[in-house]
There are 2 protein chains.
Amino acid sequence: MEQDVEVMTKTVEELLRGEALEEAVELVSSIHPADQAELFWHLEPELRQSFLALLSAEGLAHLLEYLEDEQRAEVVEKMPRASLARVLDRMNNDVAADILHDLPPSERARVLSTMSTATEVTPLLEHAEESAGGIMTRGFVALHAEMAAQDAITYLRLRQPNVEEAYYLYVMDAVNRLEGVVSLRQLVVAPPHTPIREIMSRDVISVGPETDQEECARLIQRYRLRALPVVDEDRRLLGITTMDDAMAVISEEATEDMYRIVGLPAQESVFDPVTVSARRRLPWLFLNILTALAAAGMVNAFKGTIAQVAAVAVFMPMVAGLGGNAGIQTITLVVREIALGEIELRDARRVLIKEVTMGLLKGIIFGVVVGLVAWAWQVNWTLGLVVGLAMLLNMLVAGFSGAVIPLGLRWLRLDPALASGILLTAVTDVLGFFFLLGLATLFVV
Amino acid sequence: MEQDVEVMTKTVEELLRGEALEEAVELVSSIHPADQAELFWHLEPELRQSFLALLSAEGLAHLLEYLEDEQRAEVVEKMPRASLARVLDRMNNDVAADILHDLPPSERARVLSTMSTATEVTPLLEHAEESAGGIMTRGFVALHAEMAAQDAITYLRLRQPNVEEAYYLYVMDAVNRLEGVVSLRQLVVAPPHTPIREIMSRDVISVGPETDQEECARLIQRYRLRALPVVDEDRRLLGITTMDDAMAVISEEATEDMYRIVGLPAQESVFDPVTVSARRRLPWLFLNILTALAAAGMVNAFKGTIAQVAAVAVFMPMVAGLGGNAGIQTITLVVREIALGEIELRDARRVLIKEVTMGLLKGIIFGVVVGLVAWAWQVNWTLGLVVGLAMLLNMLVAGFSGAVIPLGLRWLRLDPALASGILLTAVTDVLGFFFLLGLATLFVV
């Protein structure tokens with residue numbers, strides 16, 4: 001499928017250059033908006049505006065829904081404000097809200113004032129972008145509990161909801177509070193005259209508009225929901241967040257965790273220009289200079305020892321490196337399990353005991369191995385003892401800080417992944433050198 | 001919701017101890033299977049069998065669907081084989097196939113022989129567990145193109161598909177080849193006498209049974225599908241993979257990538273017993289001993305230089321550590337973008353140029369900073385020059401190997417994440433020390 005996109009991109013470019021617009025329209029409208037979005041992005045930049053001109057307002061709306069955030073912003077910026085309103089009207093209103101969110105306030109008001117879906121989109125603008133209220137859509141179908149199944153079907157036929165979100169139908173009581181939920185399948189397979197009250201489920205899992213998007217995704221995944229209703233404090237239905245949102249959030253948050261551990265910004269890509277990447281990646285590497293300076297300072301304090309017993313320097317990378325890698329394993333595990341909801345702050349003690357025990361075990365095994373290596377290699381049994389002991393101590397430090405750093409960041413209400421890898425290697429370097437060089441100063445020199 | 005689970009666990013434990021079985025049954029059957037699964041797992045181990053006895057075959061089937069793989073295996077192991085067949089009959093057949101997959105072949109045959117859904121489950125056992133054929137379910141609804149919309153609804157009412165997968169209905173031609181797809185919503189809102197041929201979509205995105213589950217998840221996410229049909233070479237529908245599968249795969253694969261970079265096994269958890277974790281984590285740390293030995297060997301070769309100019313040892317952690325962290329950033333980025341389908345092997349040249357350019361840029365900036373620090377601190381300008389130059393060279397190595405290691409693993413058809421962090425730090429350590437100590441030997445001593 002996607003290899004076709006490459007070929008099609010070339011064809012579209014040729015058609016646009018040859019001004020064969022009718023053929024171009026025909027080709028473009030025959031492909032899926034997801035592929036259109038990829039094609040668009042691979043077009044020569046000077047042809048992009050002509051490509052956009054091929055699409056109807058509806059086509060543009062679909063394209064924008066499938067573009068990445070940054071690409072979308074670029075397209076919106078160049079679009080005349082009058083056509084923007086028409087395009088936003090034809091879009092899922094959660095995406096429309098995201099786009100309006102990123103406009104300057106005065107422009108936002110101007111565009112909204114000419115939109116026919118303004119009443120549906122405006123409430124979405126009130127909520128934080130990463131909250132349930134920010135990712136929800138208003139495209140839900142509400143029914144009343146006394147309706148018969150067949151009448152509900154007739155109602156749907158009249159109303160023609162064009163949203164795929166009609167998977168669940170929400171049932172309201174007399175004062176419009178969320179009372180139950182029925183799936184379209186249940187409605188269809190029920191005997192025609194059954195009142196909805198009898199087929200609906202009353203245990204509706206719902207969230208408030210301020211709930212974090214990660215929590216919404218977790219609930220959708222845990223309970224295998226297709227959609228999650230968002231209600232206000234009076235249980236009035238504000239909108240729904242869908243499984244599509246959840247999938248996007250899960251993927252995003254996993255990327256964020258991976259990137260943050262190593263000090264990368266979440267929006268980084270290898271295809272960004274060098275200048276953009278440099279601006280993003282350098283700050284963390286500068287933090288890394290400071291932590292490296294701390295490690296260097298520690299070594300500097302023991303220069304005398306190293307000058308006397310250079311062999312001790314041979315084991316610096318071993319003690320620090322093995323400790324660092326063991327600690328990074330712990331950090332990765334703890335960060336990921338916090339993200340998956342498998343570790344909560346109340347589990348801190350248990351996690352700490354487990355990881356320090358693991359550190360002790362690794363420390364004993366690696367201490368013996370590395371100590372024996374040092375003894376045999378440098379023919380110096382006190383050096384072997386010192387290296388082994390330093391390794392043992394550094395593994396304990398690695399287990400302890402591998403658990404404490406992400407849990408501590410979480411306790412401070414920061415992201416548990418935040419540059420935690422850089423912080424951890426700072427700790428295992430500084431203390432690793434301290435143990436090794438300190439013990440060497442006491443016993444070997 | 002989940003805090004309630006903790007409270008309920010205590011209540012259930014008390015009821016079971018007091019043999020108040022009826023009350024226990026009532027309480028347990030009132031909660032969602034996802035919560036039952038969590039509750040079950042938090043029960044005192046000696047109460048677990050009595051808990052399982054509270055559930056009907058259907059209840060057990062739901063519970064098993066929501067348990068993690070390892071927990072599920074433990075429950076299945078203790079279950080009498082006769083009741084296992086009854087439970088598997090009541091389960092989504094993709095999960096039933098997973099369970100049967102893990103039984104010894106003779107037992108599998110015995111259980112299958114008493115299952116009433118054996119004909120549906122057996123074909124699923126033929127495919128690899130991580131392929132489309134392995135994760136698909138046979139619970140789909142097929143229609144014929146000439147049926148009217150209203151007749152299709154009547155047919156559904158008769159057939160009573162109890163699967164939520166009835167979101168899409170698949171349309172077959174005369175020889176049972178997949179011809180189109182129609183969503184339940186389209187069917188419901190269509191005028192009653194419209195033939196399905198007129199409302200169905202003919203562009204059905206489908207995969208073969210051997211397609212990797214990651215590719216299925218990517219297609220589902222890219223095209224925002226609710227389900228993806230799996231067809232054989234004659235386009236006969238074998239089953240469907242659903243958005244639930246895709247979500248699980250996306251989450252699993254992200255975890256796997258994160259863990260593999262640092263040399264952790266994918267199934268690791270902080271709550272596993274120390275002995276299990278040790279067995280899993282140690283092999284990679286042993287590989288790490290070998291790579292650390294290589295770094296130590298490099299330092300050992302320059303012991304003479306270090307003995308003469310101990311100050312040079314102060315900058316060993318800086319040159320190696322900053323290079324390692326920069327390289328890990330690149331690796332993380334490349335691994336993740338390969339996983340998200342944003343980088344293919346054909347992009348290798350572009351990725352390499354970008355990351356080596358970034359390495360050069362970082363090398364210049366950090367080389368100057370670190371070089372100036374070394375000069376000012378140790379009052380030795382040749383040392384400053386040597387440290388700066390070593391930093392520059394190591395940053396180039398970091399950029400190059402950060403891109404080449406995952407792309408190379410991919411080219412070898414291995415997992416691009418496979419212990420790539422450990423390999424990378426080995427390269428930046430060994431070469432970092434070589435540059436620093438080698439240049440110091442030439443110019444400083």
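Copies are superposed by least squares on the C-alpha atoms of residues with pLDDT of at least 70 in both. In this predicted model, chain B can be laid on chain A in that way with an RMSD of 0.2 Å, by a turn of 180° together with a shift of 0.1 Å along the axis. The two copies are thus related as by a two-fold rotation axis. Within chain B, the C-alpha nearest this axis belongs to B:Ala307, which lies 2.3 Å from it. The same surface serves both copies, in that 100% of the contact residues of chain B recur in chain A.

The contact between the chains brings together 84 residues of chain B and 84 residues of chain A. On the side of chain B that touches chain A, helix H20 (residues 316–339) of chain B gives the most, with 15 residues. The residues on that side of chain B divide into 50 nonpolar, 17 polar and 17 charged.

Helix H20 was also examined within chain A, where its packing against another helix can be described. Two packed helices are described by the angle between their axes and the distance between the axes. For helix H20 (residues 316–339) of chain A and helix H22 (residues 381–411) of chain A, the axes come within 8 Å and cross at roughly 25°. Because angles under 35 degrees count as roughly parallel, H20(A) and H22(A) are therefore roughly parallel to each other. The crossing of these two helices, H20(A) and H22(A), is right-handed, and the residues of the contact of H20(A) with H22(A) divide into 17 nonpolar, 7 polar and 1 charged.

Methods
Residues are numbered from 1 along each chain as its sequence is written. Chains are lettered from A and ligands numbered from 1 in the order in which they are written. This is a predicted model: local features need pLDDT of at least 70, side-chain atom pairs count only at pLDDT 80 or more; totals for chains, interfaces and linings use all residues. Two residues are in contact if their C-beta atoms, placed from the backbone, lie within 7 Å. Helices (H or I, at least four residues) and strands (E, at least two) are DSSP runs, numbered from the N terminus. Ala, Val, Leu, Ile, Met, Phe, Trp, Tyr, Cys and Pro count as nonpolar, Asp, Glu, Lys and Arg as charged, and the others, Gly among them, as polar. Axes are lines fitted to C-alpha atoms, for helices over the stretch in contact, and angles run from 0 to 180 degrees between N-to-C directions. Angles under 35 degrees count as roughly parallel, over 145 as roughly antiparallel, 65 to 115 as roughly perpendicular and the rest as oblique. A crossing is left-handed if the near helix is turned anticlockwise from the far one by less than a right angle, and right-handed if clockwise.
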